[in-house]
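Visitor: Please show me the model and take me through it by question and answer.

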Amino acid sequence: MAVKKFMYVNRKAPYGTIYALESLEVVLIGAAFDQDVSLAFIGDGVYELTKGQNTDGIGQKNFSPTYAALGDYDVNKIYVEKESLEERGLTLDDLQHLVWEDEDEDWAEKDSIRLVSRAELADVIADQDILLSF
Amino acid sequence: MGLLHTVNKSPFESNTFDTCLGYAKDGSTVLLIEDGVYAATTGTSAADKIKNASGVTFAVLGPDLQARGLEGKLADGIKVVDYEGFVNLVAESDSVQSWL
Amino acid sequence: MKFSIQVNEGPYQHQASDTAYQFAKAAIAAGHEIFRVFFYHDGVNNATKLAVPPQDDRDIPKLWSELSKENNLDLVVCIAAAQRRGMMDVDEAKRQGFEDNNLKEGFRISGLGQLIEAGIESDRLVVFGA
């Protein structure tokens, strides 16, 4: 089976619409296909990764813990656009600390989130084979 | 040829058009479809932004322009394509990013 | 070329399904192959057999169904999204204990893996949504 570069582009905030949740569901199923997977969080998409989400009051399932499991699915290239964070008054500290374990380096824990500028992310996007948007 | 970017939202309704411009590298093409065609109209800040993005090719889906009564308001330098042209743009590009 | 298409929105609410349909038709007319059309999010609602739109307007589920039959297309409705939104074929309805089913002819229900496979097997994948 060919290996292609798949990027999931996330630009929508969680809970107001279903796109964030159903996008994540594709990522999890897609992980079984051993492709070269990246996620990009741009614009309001960065809100999907914030810490401390508590959905008790709105009656929706809090799916944010699922992002922390991505490392176990070999999904460890998570691009977060710097300008989008800054526009929203956020820093990396406001986001979950997502990690993966590198089996080639004795299971050393590494950061999955790559904070990149718009210009850098544009280069990454231009390099993808398949761009999925939700 | 680089990427084909599509934008389907009015530039006055959301920032999708601006976001797309931030990601459209020189040599790529931006195709305006559905409500995105409003960015192709004269006398708007969107038209100015299109003029300034000189390394990028801009196209607009003709049927969507016609549906919205905008044919007479098309800004300069924007190619009009039909659905067959849309298909060709996809085939000629490396990949497609649909900015939703 | 082999194209695949993803449709993220339901019929009428957004233009996505219309544009995807016109694109698919044009691609076929130009001699390309449509490997798969994958309906996700509210896009699963394009597969309803119960739509009765006004007589003087297009019947979106019917247009897709007919395009599928005429060109032997693979129109796939995502099972996870379908279950959430109550879109069932005969088998799924039986499995869930429902008497009724609502999936139109020309569509089939399957898993998210079909979307990934479409990306792997096709030359281009185009997403239509909102």
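Predicted model: local features only at pLDDT ≥ 70, side-chain atom pairs only at ≥ 80, totals over all residues.

Visitor: What percentage of the contacts in chain C join residues at least 24 apart?
Guide: Of the 130 residues of chain C, 51% count as buried. The contacts considered here are those between residues at least 6 apart in sequence. Of these, the share joining residues at least 24 apart is 76%.

Visitor: How far does helix 2 of chain C reach from its first C-alpha to its last?
Guide: Helix 2 of chain C runs over residues 60-71, which is 12 residues. At 1.5 Å a residue, 16 Å is expected. The model is close to this, with a reach of 17 Å.

Visitor: Which residues of helix 2 of chain C are buried, and which are exposed on the other side?
Guide: Pro61(C), Trp64(C), Ser65(C) and Ser68(C) are the buried ones. They cover an arc of only 100° around the axis, so they lie on the same side of helix 2 of chain C. In general, an α-helix has 3.6 residues a turn, so residues three or four places apart point the same way. On the other side of helix 2 of chain C, the exposed residues are Glu70(C) and Asn71(C).

Visitor: What covers the buried residues of helix 2 of chain C, and which residue follows this helix?
Guide: The cover includes helix 1 (16-29) and strand 3 (75-78) of chain C. After helix 2 of chain C comes a residue with a positive phi, near 55°. That residue is Asn72(C).

Visitor: Which element gives the largest share of the side of chain A that touches chain C?
Guide: In this contact, 16 residues of chain A meet 15 residues of chain C. On the chain A side, the elements giving two or more residues are helix 1 (19-30) and strand 7 (130-133) of chain A. The largest share, 6 residues, comes from helix 1 of chain A.

Visitor: How many nonpolar residues does the side of chain A that touches chain C have?
Guide: By class, this side of chain A has 2 polar and 3 charged residues. Its nonpolar residues number 11.

Technical notes
Residues numbered from 1 in each chain as written. Chains lettered and ligands numbered in written order. Contact = placed C-beta atoms within 7 Å. Helix = DSSP H or I, 4+ residues; strand = E, 2+ residues; numbered from the N terminus. Nonpolar A, V, L, I, M, F, W, Y, C, P; charged D, E, K, R; others polar. Buried ≥ 20, exposed ≤ 12 C-beta atoms within 10 Å, placed from the backbone. Expected span 1.5 Å × (residues − 1). Arc of directions from axis to C-beta.
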